[in-house]
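Please open the model in your viewer and keep the sequence panel beside it.

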Amino acid sequence: MQDKKKRLRRTMMFLNAHRASLVKDPYVYRPDSIIFDLEDAVSENQKDSARIQLYNTLKYADYKGVERIVRINGQDTPHWKEDIRAAVAGGCDGIRIPKCESKEDVLRVEEWVLKAEKEFGRPEGSTLLMAAIETPLGVIRALELAQSSPRIFGISIGAGDFMRTMHARRTPDGYEMLAARSQLVLAARAADVQCFDTVHTDVDDLEGLLRDTELIRNMGFDGKSVISPKQIAPIHSVFTPTLREIEMAEKTIYGVEELAKDGVGVFVVDGQMIDIAMVEGARRVIDLAKASGVYRGDL
């Protein structure tokens with residue numbers, strides 16, 4: 001399960017689970033993950049048919065290794081238990097739980113996921129969970145949510161409901177989201193799970209998307225939700241290490257390993273002080289470069 005939890009997730013693309021034309025072959029756009037949406041994207045009178053469409057898509061469509069996550073309906077609706085059954089029966093990789101505010105929100109879903117795994121012959125524990133945080137209370141309890149279950153692979157901020165409940169106004173620089181984003185990434189790092197940013201809703205605003213993505217990557221986020229295929233490549237470009245970053249990572253790793261033999265813990269590379277504490281970050285750069293397909297070295 002650990003390898004599945006730590007896989008590359010720079011982009012997670014939302015798709016309406018009810019629309020066959022959308023879910024047929026979205027892997028061609030090369031997102032890292034796809035989120036089949038049974039919640040907001042599906043009208044109340046189409047929930048049952050969307051569930052049937054979801055099951056058949058998961059069961060019979062070949063997504064060429066792209067991760068398949070299902071966003072279920074909220075636990076304040078009559079739909080979420082059947083959503084889980086359809087998702088697990090179809091063989092989804094994980095379930096996104098909306099509007100999480102407490103550990104109990106996750107544990108209730110985990111209980112029904114386990115029941116579905118047993119019912120449909122899936123390996124117990126094979127269905128991962130993701131907690132979507134969309135309210136001030138959820139943000140305050142982010143660490144509790146991140147640590148709520150061994151199935152949790154990540155937590156995510158959803159800006160729409162969060163902004164509404166905060167009575168906040170959107171700004172180009174995202175100041176109104178800074179506290180929530182900071183809280184989530186701190187909780188994710190403390191719990192050793194991944195952390196994902198909200199969608200950039202203006203699909204034609206490439207400059208704003210890049211600005212948002214640079215900000216969250218610098219903060220330590222692992223990826224970002226998307227609503228359009230045209231957003232995937234720009235986000236991947238931000239999360240893919242540059243040649244300069246890869247070179248520095250290699251020099252750091254090789255340098256520390258070599259000098260450690262002589263008991264030296266601090267040295268200088270290209271005018272920058274390097275010490276052993278920086279090796280973990282350097283290895284993370286190399287791992288991301290490998291996962292992104294741009295590394296050809298031997299580390």
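Select helix 9 and helix 10 to begin: their axes come within 10 Å and cross at roughly 40 degrees, the axes being lines fitted to C-alpha atoms over the stretch in contact, with angles from 0 to 180 degrees between N-to-C directions. That angle makes helix 9 oblique to helix 10, since angles under 35 degrees count as roughly parallel, over 145 as roughly antiparallel, 65 to 115 as roughly perpendicular and the rest as oblique. Next, show side chains at the contact (heavy atoms within 4.5 Å), where Leu 178, Arg 181, Ser 182 and Val 185 of helix 9 meet Asp 212, Leu 215, Ile 216 and Met 219 of helix 10. These contact residues divide into 5 nonpolar, 1 polar and 2 charged, where Ala, Val, Leu, Ile, Met, Phe, Trp, Tyr, Cys and Pro count as nonpolar, Asp, Glu, Lys and Arg as charged, and the others, Gly among them, as polar.

The model is predicted: local features need pLDDT of at least 70 and side-chain atom pairs 80 or more, while totals for chains, interfaces and linings use all residues. Residues are numbered from 1 along each chain as its sequence is written, and side-chain values use heavy atoms, without hydrogens and water.

Now move to the largest pocket, with a volume of about 890 Å³, the space filled by probe spheres set on grid points joined across faces, edges and corners. A pocket here is an open set of points on a 1 Å grid over the protein atoms alone, where a 1.4 Å probe fits, with protein on both sides within 12 Å along at least five of seven lines; lining residues have an atom within 4 Å of a point. Of its 26 lining residues, select Gly 220, Phe 221, Asp 222, Arg 284 and Leu 288, the closest to the centre of the largest pocket. Finally, colour helix 13, which gives the most to this lining, with 7 residues; helices are DSSP runs (H or I, at least four residues) numbered from the N terminus.

Conventions: Helix = DSSP H or I, 4+ residues; strand = E, 2+ residues; numbered from the N terminus.
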